[in-house]
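Subject: Structure handover

Hello,

Here is the structure I said I would pass on. Please open it next to this email and follow along.

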Amino acid sequence: MSGMLDRFPKICRLAFLACLFVFSMSFSAWWIENSAYLPQSDAKSIYDIAVRAKNHDLLPIAPTGSYMSLCPYQAGLVLFMESILRFVPNANEVTIQRIYLLFIALLWISILMSVKKLFSSSRICVISCVLFTFCFPVLLYVNNMYGDVPCIALTFFAFWMLTEYLAGNKRWGVFFAWIALAGAVAIRKNSLIFVLACIIVLVISLFGTWERKIMILLAVIITSTVAGAVIPGSIYEHRAKNTMGEGIPAIAYIAMGLQWSEGRDPGGWNGYHSDLYMNCDYDEEMTAQISKESVKESLGYMMEHPEYMAKFFFYKLVTQWTREDFGCIYATLGSHGNRTDKAWEIYQGAIKDDYMFVMSIHQSLVYAGALCFCFGAFIRKRKWTGNGLELWNLVPLITFIGGFLFSLMWEAGARYVLPYFVLLIPYAAAGLVKIGCVVETFGKNAFCHWTKGIKKEGGEAV
Amino acid sequence: MAILAFYEFLTLTILTWFWLWIRMKESFYECESIKRGKHMHKNNSSWQREIVLFIGIFFLLFLTIVSILFSSDGYKVSFHLGMSMPIIAGGGVLRHPLFFC
């Protein structure tokens, strides 16, 4: 077998990885061109504001009566889209989607390099790449301009860069991590859970050691997060010479996340937060006060009816975390240009079932693989993790735990949990590889024992 | 439908373990452990790691079970189990030299 191994040089693995990479990119590109998806709802509002901002029309930057008055935290995504519209000649919706292709490439490479740093095993690297290449929800979301793909890519890239600095003291890692984290936070605010996970781990590591390296990283993470959260809104307010107000308070999203409207998933969007904010005449304090009462009322009802509470949270988790496609098929179904027949088949035709089947299997594999890793690392400790599993290696897992808890209370949506699912891929790969090792070692030992017995019997017979 | 699903599951399980047995006979090289893991810091804070892993096990066990049970339709459950088993339990395909360290 070792001879067989020698016949598969490194170049073959690299060629295999290159094939996976090309498949991811070409499938995503094909999907953008064939799905001909045009943004709708929030993504459309953001795109329209970006187009107007490019043409120096900043009327949407106002404390009332605008999408930005409701969601000022989307200023980062508006700035991102406006930058593309400004820098690329004749840019439109499809141009932005094509830029998202670059983020698919960045995500692919970041996963590969992060896993290489974490586990130092090329086999786990390859399996991670296989799992990501067939993670169709991410590839199919490439045409959705709501910032999910760039945010996931920048988060993973930031993790890779931070790990480079921690592991190898590479200073350029700090620079790129700062930019990536600021970008991720500016584009999507759910990257804050990753930031929080990093801060928790670094603070724990800091106690007792007071290493300069960790202090630098903490400073980088905190400053980049503040920059990503504050700068885009400030830029627009400065340009418009107006404010956007406070926006819908977070507690209103939590209040909506604890409601179960008829005909909707538990905790799903029902327009409560935006309606309330507008009915309160864009008064953030009053909205927060009423939302708090709504939260108390929902929790009070749940405490009185524990069966309802169990059912509510169970289905809230199930509808978010076990949806095979993470909503990618439904999210981009409507509002389209000249969509091709092949793309329609994925949306509503016979191929849809095949894709759903693959996504379903993939989802089970990622969860089961990550479970195997956690279980093995918990039970076998060093044997499963080489020379010892560092707490930093668990940052993506801590982010997943944070995301899981966050999904219990926030507005429910399968798309919102996709980043945490992608963060599980390295652990899933490690878990699958290790389970393979365990089974084969067990099989080898059993077979050796069996053959020894046969030899012994044969010897005795002779 | 349930009987069909059961037979399918049974067939796939038998095939899986037969295939595994063949693989085990073929695979006589030591399992490559992740032994080249690089140190980033000192091997500290073991109880924090164990807490994280324990919570991870708890949540992932829930998700693994519900992701299998709550697939698009009940019939797919058998496919899920049957198809996942060769890969999860066997891992034989992962032992292909192409994936080897």
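A salt bridge is counted when a side-chain nitrogen of Lys or Arg lies within 4 Å of a carboxyl oxygen of Asp or Glu. The model is predicted, and a search of the whole structure turns up ten salt bridges over all chains.

Salt bridges

Start with A:Lys44 and A:Asp48, whose closest N and O atoms are 3.2 Å apart. Both belong to helix α3 (residues 41–54) of chain A, and because they are four residues apart there, about one helical turn separates them. A:Lys44 has a relative accessible area of 40% and is partly exposed. A:Asp48 is partly exposed as well, with 30%.

The next pair is A:Arg52 with A:Asp57, where the N to O distance is 2.8 Å. A:Arg52 has 35% relative accessibility, so it counts as partly exposed. For A:Asp57 the relative accessible area is 26%, which also means partly exposed.

Is each partner buried or exposed, or in between? Buried means under 20% relative accessible area. A:Glu82 has 2%, so it counts as buried, whereas A:Arg239 has 29% and counts as partly exposed. A:Arg86 joins A:Glu82 and A:Arg239 in a network of salt bridges.

Helix α9

Helix α9 of chain A covers residues 148–168, 21 residues in total. From its first C-alpha to its last it reaches 30 Å, close to the 30 Å expected at 1.5 Å a residue. How much of this helix is buried? The count is 19 of the 21 residues, so α9(A) is largely enclosed by the rest of the structure. Just after the helix comes A:Asn169, which takes a positive phi of about 60°.

A:Glu246 lies in the loop between α12 (212–240) and α13 (250–257) of chain A. With a relative accessibility of 62%, A:Glu246 counts as exposed, because the cut-off for that is over 50%.

Regards

Definitions and conventions. Residues numbered from 1 in each chain as written. Chains lettered and ligands numbered in written order. Predicted model: local features only at pLDDT ≥ 70, side-chain atom pairs only at ≥ 80, totals over all residues. Heavy atoms only, no water. Helix = DSSP H or I, 4+ residues; strand = E, 2+ residues; numbered from the N terminus. Expected span 1.5 Å × (residues − 1). Buried < 20%, exposed > 50% of the residue type's maximum accessible area, 1.4 Å probe, protein only.
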